[in-house]
Amino acid sequence: MNGRFGVWHLLLSKAPADVVRQAAAEIEELGYGTLWVYEGVGAREPLTGAGLLLAATRRIAVGTGIASIWSRDATAMAAASATLAEAYPGRFVLGIGVSHSPLVSLRGHAYNKPLTAMRAYLDDMDTSVSAFPQPAEPAPRLLAALRPKMLELVRDKADGAHSFFVPPEHTALAREIIGPDRLLVPEQAVILETDPARARRIARAHTTFYLTLPNYLNNLRDLGYDDRDFADGGSDRLVDAIVAWGDAETVARRLQSHLDAGADHIALQPLTEDDSDFPAAVTALRELAPVLAL
């Protein structure tokens, strides 16, 4: 994983390959350190998607944020990670997670005891056997982790945590649990818009879906939010906590608050009026780059 700032965007996993290659090359030239791909409905398979991005770039790292443990067995995950780490030394980060019950059910799996499943999966990864050459530098292994028990598992059996849909106060809590020597990588949605009504309208197009997923709701409840905050795409209080909006300097201060709370790297997710407008997202990243001193 490279740099303090990277980019997490849906279209890195969904746009046509030529578009993804071009965007990845431009994001690399802007100075961002890591690209993040995800696993979800309609998205590319994330490990092969990571390979696409690594082949299209020269220096930037690529991480999975995240690859689901329900989509491939532990031996396949370990082998894929080792393959990419060997082929692209120091440039691949394996982020894995238990995903969410509704999404796992779509694949025909039972979402039972996710913490137990993750612990067993990590054990199986550690004992898997491969006959091909192993990388001199194994890929860092991050776990998607929100609540204390999964964060404790990060502390005990992983290199770090990748959190998503969290405010900076969660970053501080996560750092306290995982300790000082584990990586902490929160995602932060950002909007370069100074008009509050327009910024929150764009933000709610993003938050509405994630507020249907129990894992995020449960984590937010732990942080003091309740059903009133979850209605209609999120209260202003919640939307402003989850999405950083304003001019470039205001957004940069919000990102700094994650770093001050203990983050090692932040995966920026630029939100725009049209979430299929990849050039607009890259434009936002271009505007932010000099303020972030990449």
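**Briefing: fold, helix packing and salt bridges**

The protein chain has 13 helices and ten strands; both are DSSP runs, with helices (H or I) of at least four residues and strands (E) of at least two, numbered from the N terminus. This is a predicted model, in which local features need pLDDT of at least 70 and side-chain atom pairs count only at pLDDT 80 or more, while totals for chains, interfaces and linings use all residues. Residues are numbered from 1 along each chain as its sequence is written, and side-chain values use heavy atoms, with hydrogens and water left out.

**Overall shape**

- The C-alpha trace of the protein chain spans about 55 × 40 × 35 Å along its principal axes.
- Of the 294 residues, 53% count as buried. Buried means under 20% relative accessible area, exposed means over 50%, and partly exposed lies in between (1.4 Å probe, protein chains only).
- Take the contacts between residues at least 6 apart in sequence: 75% of them join residues at least 24 apart. Contact means heavy atoms within 4.5 Å.

**Helix 1 against helix 13**

- Two packed helices are described by the angle between their axes and the distance between the axes.
- Helix 1 covers residues 17–30 and helix 13 covers residues 278–292; their axes come within 10 Å and cross at roughly 5 degrees. Helix 1 is therefore roughly parallel to helix 13.
- Axes are lines fitted to C-alpha atoms, for helices over the stretch in contact, and angles run from 0 to 180 degrees between N-to-C directions. Angles under 35 degrees count as roughly parallel, over 145 as roughly antiparallel, 65 to 115 as roughly perpendicular and the rest as oblique.
- Helix 1 contributes Val-19, Ala-23, Glu-26, Ile-27 and Leu-30, which meet Phe-278, Val-282, Leu-285, Arg-286 and Ala-289 of helix 13.
- By class, the residues of this contact are eight nonpolar, no polar and two charged. Nonpolar covers Ala, Val, Leu, Ile, Met, Phe, Trp, Tyr, Cys and Pro; charged covers Asp, Glu, Lys and Arg; the others, Gly among them, are polar.

**Salt bridges**

- The structure has 22 salt bridges. Each is a side-chain nitrogen of Lys or Arg within 4 Å of a carboxyl oxygen of Asp or Glu.
- Asp-18 and Arg-21 form one of them, at 2.7 Å from N to O. These two are three residues apart in helix 1, so about one helical turn separates them. Asp-18 is exposed at 57% relative accessible area, and Arg-21 is partly exposed at 37%.
- Lys-157 and Asp-126 pair at 4.0 Å, N to O. This pair links distant parts of the chain, 31 residues apart: Lys-157 sits in helix 6 (residues 148–157) and Asp-126 in helix 5 (residues 114–127). Both are partly exposed, Lys-157 at 24% and Asp-126 at 46%.
- Shared partners join Asp-123, Asp-126, Arg-141 and Lys-157 into one salt-bridge network.
- Asp-156 and Arg-155 also form a salt bridge, at 2.9 Å from N to O. Arg-155 is partly exposed, with 35% relative accessibility.

**His-162**

- His-162 lies in strand 7 (residues 160–163). Its relative accessibility is 3%, so His-162 counts as buried.
- Leaving out residues up to four places away in sequence, His-162 touches Trp-8, Gly-65, Ile-66, Leu-142, Leu-143, Ala-144, Ala-145, Val-185 and Glu-187.
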